[in-house]
Amino acid sequence: MKKQEELKGNDMKTWSALQVVDWLRTYNFAELKENENAEELTQMKAMKLLYYIQGIALAAYGKKLFTEDLLAWRYGPVVKDVHDKYSGMRGIVNIVVNDYDVNENNGIDPEARKNFEEISNDDDAEVVLDTVMEFYGSKSAIELMKLTHNETPWQETAQSDVIDPVLLQTYFKENVLN
């Protein structure tokens, strides 16, 4: 992981989880165009990446990257707003969003592109997101689920309860960023 001394400071903005998922979708869209072996981002994988994003942001900066709580659900950490928006979908990149058909010819939807660009201009958020994608981005949703199930924040939170951000921060400081 990136050393804490490489991190700038506490200027990181707080986004919504849906904006962060748009960043992930746009990142994956580009990956799909460049690599024929890349797999489309699934709702389940996005949820697990959000967990790692929040944990690293809390450990590195002492603040959340996105405002919503993470819940400890049966298959791992979940952000309810993201679950609700993409309910029933497996892949969440090549979809129709607000009557815009996301595909290789049309490109990613304008709102997702805008969120990607805004978040990418936040240097501290970009460090967190790039770090998560470097270390967790190539793992499958199932691999990420298994990882989260072996980590204290999910294990110590009752099913359907909010994962305490302090527990997340402590775990990631002691076990991930050290």
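Here is a short talk about some terms and the values behind them.

Mentor: Happy to! This is a predicted model, where local features need pLDDT of at least 70, side-chain atom pairs count only at pLDDT 80 or more, and totals for chains, interfaces and linings use all residues. Residues are numbered from 1 along each chain as its sequence is written, and side-chain values use heavy atoms, leaving out hydrogens and water.

Trainee: Why is T42 called buried?

Mentor: Buried means under 20% relative accessible area, exposed over 50%, and partly exposed in between (1.4 Å probe, protein chains only). T42 has 10% relative accessibility, so T42 counts as buried. T42 is placed in the loop between α1 (17-34) and α2.

Trainee: And what makes S160 partly exposed?

Mentor: The relative accessible area of S160 is 47%, so S160 is partly exposed. S160 sits in the loop between α7 (152-155) and α8 (165-175).

Trainee: Why is α2 called oblique to α6?

Mentor: The axes of α2 (residues 43-61) and α6 (residues 141-149) cross at roughly 40° and come within 9 Å. That angle makes α2 oblique to α6: under 35 degrees counts as roughly parallel, over 145 as roughly antiparallel, 65 to 115 as roughly perpendicular, and the rest as oblique.

Trainee: Which residues of α2 and α6 meet?

Mentor: M44, K45, K48, L49, Y51 and Y52 in α2 meet A141, I142, L144, M145, L147 and T148 in α6, where contact means heavy atoms within 4.5 Å.

Notes: Helices (H or I, at least four residues) and strands (E, at least two) are DSSP runs, numbered from the N terminus. Axes are lines fitted to C-alpha atoms, for helices over the stretch in contact, and angles run from 0 to 180 degrees between N-to-C directions.
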